[in-house]
Amino acid sequence: QVQLVESGGGLVHPGGSLRLSCAASGSIFSINLMGWYRQGPGKQRELVATITNLDSTNYSDSVKGRFTISRDNAKNTVYLQMNSLKPEDTAVYYCNAGIKEIGVNYHQTYWGQGTQVTVSS
(Lines give C-alpha, C1' and ligand atoms only; values in the text may rest on other atoms or scores of the structure.)
Protein backbone atom coordinates (compact mmCIF):
# COMPACT_ATOMS: atom_id res chain seq x y z
CA GLN A 1 0.00 0.00 0.00
CA VAL A 2 1.52 3.29 -1.13
CA GLN A 3 0.92 6.45 0.89
CA LEU A 4 1.88 10.10 0.47
CA VAL A 5 2.06 12.09 3.69
CA GLU A 6 2.42 15.87 3.64
CA SER A 7 3.72 18.10 6.43
CA GLY A 8 4.82 21.68 7.00
CA GLY A 9 1.64 23.67 6.52
CA GLY A 10 0.48 26.37 8.92
CA LEU A 11 -0.29 30.04 9.45
CA VAL A 12 2.20 32.63 8.22
CA HIS A 13 2.20 36.40 7.77
CA PRO A 14 2.36 37.94 4.30
CA GLY A 15 5.95 37.98 3.10
CA GLY A 16 6.83 34.97 5.21
CA SER A 17 8.07 31.52 4.24
CA LEU A 18 7.04 27.91 4.69
CA ARG A 19 8.51 24.61 3.56
CA LEU A 20 6.21 21.74 2.71
CA SER A 21 7.35 18.12 2.61
CA CYS A 22 5.69 15.04 1.15
CA ALA A 23 7.07 11.57 1.79
CA ALA A 24 6.02 8.51 -0.17
CA SER A 25 6.10 5.13 1.55
CA GLY A 26 5.15 1.56 0.78
CA SER A 27 6.20 -1.01 -1.81
CA ILE A 28 7.75 1.51 -4.20
CA PHE A 29 9.84 0.47 -7.19
CA SER A 30 10.19 3.89 -8.82
CA ILE A 31 8.71 7.39 -8.88
CA ASN A 32 8.62 9.54 -12.00
CA LEU A 33 6.81 12.89 -11.88
CA MET A 34 6.15 14.52 -8.48
CA GLY A 35 4.23 17.70 -7.92
CA TRP A 36 2.28 20.09 -5.76
CA TYR A 37 -1.26 21.30 -6.36
CA ARG A 38 -3.45 23.60 -4.31
CA GLN A 39 -7.12 24.36 -3.83
CA GLY A 40 -8.12 27.72 -2.43
CA PRO A 41 -11.52 28.55 -0.88
CA GLY A 42 -14.19 28.34 -3.56
CA LYS A 43 -11.64 27.52 -6.26
CA GLN A 44 -10.72 24.52 -8.35
CA ARG A 45 -7.56 22.56 -7.66
CA GLU A 46 -4.66 24.03 -9.63
CA LEU A 47 -1.10 23.06 -10.47
CA VAL A 48 1.62 24.76 -8.44
CA ALA A 49 4.82 23.01 -9.52
CA THR A 50 6.14 19.70 -10.83
CA ILE A 51 9.53 17.99 -10.91
CA THR A 52 10.66 14.99 -12.97
CA ASN A 53 12.97 12.22 -11.84
CA LEU A 54 15.72 14.08 -13.73
CA ASP A 55 15.00 17.28 -11.73
CA SER A 56 13.36 19.18 -14.57
CA THR A 57 10.91 21.63 -13.02
CA ASN A 58 7.79 23.49 -14.06
CA TYR A 59 5.94 26.25 -12.19
CA SER A 60 2.65 28.07 -12.51
CA ASP A 61 3.06 31.73 -13.38
CA SER A 62 1.53 32.77 -10.05
CA VAL A 63 4.37 31.20 -8.01
CA LYS A 64 7.32 31.48 -10.38
CA GLY A 65 10.25 33.19 -8.68
CA ARG A 66 8.78 32.70 -5.18
CA PHE A 67 8.38 28.93 -4.82
CA THR A 68 10.99 26.21 -5.37
CA ILE A 69 10.24 22.52 -5.82
CA SER A 70 12.89 19.89 -5.11
CA ARG A 71 13.09 16.18 -4.39
CA ASP A 72 15.25 13.67 -2.54
CA ASN A 73 15.01 10.40 -4.46
CA ALA A 74 16.75 8.43 -1.72
CA LYS A 75 13.97 9.46 0.69
CA ASN A 76 11.11 9.36 -1.86
CA THR A 77 10.31 12.89 -0.76
CA VAL A 78 9.32 16.07 -2.57
CA TYR A 79 9.59 19.55 -1.06
CA LEU A 80 8.06 22.93 -1.77
CA GLN A 81 9.92 25.97 -0.45
CA MET A 82 7.50 28.90 -0.43
CA ASN A 83 8.88 32.42 -0.01
CA SER A 84 7.29 35.87 -0.20
CA LEU A 85 3.91 34.36 0.60
CA LYS A 86 0.78 36.31 -0.27
CA PRO A 87 -2.78 36.03 1.08
CA GLU A 88 -3.84 34.60 -2.30
CA ASP A 89 -1.52 31.63 -1.66
CA THR A 90 -3.93 30.50 1.07
CA ALA A 91 -5.09 27.01 0.13
CA VAL A 92 -4.93 23.33 0.92
CA TYR A 93 -1.76 22.04 -0.71
CA TYR A 94 -1.69 18.48 -2.08
CA CYS A 95 1.28 16.48 -3.27
CA ASN A 96 1.04 14.11 -6.19
CA ALA A 97 3.35 11.40 -7.52
CA GLY A 98 3.50 8.86 -10.30
CA ILE A 99 4.58 5.64 -8.57
CA LYS A 100 5.37 2.18 -9.89
CA GLU A 101 4.89 -0.39 -7.15
CA ILE A 102 7.04 -3.50 -6.88
CA GLY A 103 5.59 -6.20 -9.12
CA VAL A 104 3.49 -3.73 -11.15
CA ASN A 105 4.33 -2.73 -14.75
CA TYR A 106 2.96 0.81 -14.82
CA HIS A 107 3.04 4.07 -12.89
CA GLN A 108 -0.10 5.06 -11.00
CA THR A 109 -0.97 8.51 -9.68
CA TYR A 110 -1.20 8.92 -5.93
CA TRP A 111 -2.33 11.94 -3.87
CA GLY A 112 -1.57 13.08 -0.37
CA GLN A 113 -4.26 14.07 2.11
CA GLY A 114 -3.47 17.79 1.90
CA THR A 115 -1.99 20.35 4.26
CA GLN A 116 -3.47 23.77 5.01
CA VAL A 117 -1.46 26.90 4.29
CA THR A 118 -2.94 30.17 5.53
CA VAL A 119 -1.32 33.52 4.76
CA SER A 120 -2.82 36.27 6.89
CA SER A 121 -1.82 39.22 9.00
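Two strands pair if DSSP finds at least two bridges between them. Strands (E, at least two residues) and helices (H or I, at least four) are DSSP runs, numbered from the N terminus. By these criteria, strand β3 (residues 18–25) pairs with β8 in the antiparallel sense over 6 bridges.

The structure is a predicted model, in which local features need pLDDT of at least 70 and side-chain atom pairs count only at pLDDT 80 or more, while totals for chains, interfaces and linings use all residues. Residues are numbered from 1 along each chain as its sequence is written, and side-chain values use heavy atoms, with hydrogens and water left out.

**Overall architecture**

The protein chain contains 11 strands and 0 helices. Its radius of gyration is 14 Å, close to the 14 Å given by the globule rule for 121 residues, so the chain is as compact as a globular protein of that length. The radius is taken over C-alpha atoms, and the rule is 2.2 Å times the number of residues to the power 0.38. Along the principal axes, the C-alpha atoms fill a box of roughly 50 × 25 × 25 Å. Of the 121 residues, 42% are buried, where buried means under 20% relative accessible area, exposed over 50%, and partly exposed in between (1.4 Å probe, protein chains only).

**Strand β8 and its partners**

In strand β8 (residues 77–82), 5 of the 6 residues are buried, so this strand is largely enclosed by the rest of the structure. β7 and β8 form a hairpin with 4 residues between them, and Asn 76 in the turn has a positive phi of about 50°. Within β8, Leu 80 is the bridge partner of Leu 20, and Tyr 79 is that of Ser 70.

**Two residues in their surroundings**

| Residue | Relative accessibility | Class |
|---|---|---|
| Thr 68 | 43% | partly exposed |
| Ser 60 | 15% | buried |

Thr 68 lies in strand β7 (residues 67–72). Leaving aside neighbours within four places in sequence, Thr 68 is in contact (heavy atoms within 4.5 Å) with Tyr 59, Tyr 79, Leu 80 and Gln 81. The C-alpha atoms of Thr 68 and Met 82, 14 residues apart along the chain, are separated by 6.6 Å.

Ser 60 is placed in the loop between β6 (57–59) and β7. Not counting residues up to four places away in sequence, Ser 60 touches Leu 47 and Val 48.
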